[in-house]
Amino acid sequence: MKDRAAFLLTVSDVFNTYRWTTEINTTELYEKVDSKRKSQIIFIGFTFNFGKSHRKIEEDLQFDEKM
């Protein structure tokens with residue numbers, strides 16, 4: 001299972017500090033919007049490869065080195 005399975009954990013904005021500002025400044029319009037994400041995002045993933053692993057396939061590929 002060592003070469004076939006993988007776990008993935010991604011956490012976005014752990015401390016809830018991500019903010020951004022959008023500003024439009026023209027002669028006819030001025031708008032400034034301060035935004036903030038409403039919540040953090042957590043993604044948990046698991047992959048399992050059946051059969052040959054991709055690493056093994058890449059190692060088996062042969063390339064022409066003629067220039």
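Ile44 lies in strand β4, where strands (E, at least two residues) and helices (H or I, at least four) are DSSP runs numbered from the N terminus. At 68% relative accessibility, Ile44 counts as exposed, given that exposed means over 50% relative accessible area, buried under 20%, and partly exposed in between (1.4 Å probe, protein chains only). The model is a predicted one, in which local features need pLDDT of at least 70 and side-chain atom pairs count only at pLDDT 80 or more, whereas totals for chains, interfaces and linings use all residues. Residues are numbered from 1 along each chain as its sequence is written, and side-chain values use heavy atoms, with hydrogens and water left out.

At least two residues of the nonpolar patch are supplied by each of β1 (5-12) and β4 (41-48).

Asp13 lies in the loop between β1 and β2 (19-25). This residue is buried yet has no salt bridge, and the nearest side chain of opposite charge, that of Arg37, is 4.9 Å away; a salt bridge would require a side-chain nitrogen of Lys or Arg within 4 Å of a carboxyl oxygen of Asp or Glu. A polar atom of the Asp13 side chain lies 3.2 Å from the backbone nitrogen of Tyr18. When neighbours within four places in sequence are left aside, Asp13 is in contact (heavy atoms within 4.5 Å) with Tyr18, Arg37 and Gln40.

Gln40 lies in the loop between β3 (30-36) and β4 and, at 36% relative accessibility, counts as partly exposed. Although Gln40 and Asp13 are 27 residues apart along the chain, their C-alpha atoms are separated by 5.6 Å. Not counting residues up to four places away in sequence, Gln40 touches Ser12, Asp13, Val14, Phe15 and Asn16.

For the protein chain as a whole, the secondary structure comes to 1 helix and 4 strands, which follow the pattern β-β-β-β-α along the sequence. Buried residues make up 6% of the 67 residues, and the chain exposes about 6,900 Å², of which carbon and sulfur atoms supply 56%. Among contacts between residues at least 6 apart in sequence, 60% join residues at least 24 apart.

Key:
Areas by Shrake-Rupley, 256 points an atom, 1.4 Å probe, with all protein chains shown as cover. Lys, Arg positive; Asp, Glu negative; His and termini not counted. Polar contact = N/O pair within 3.5 Å; in protein donor to acceptor, adjacent residues only side chain to side chain.
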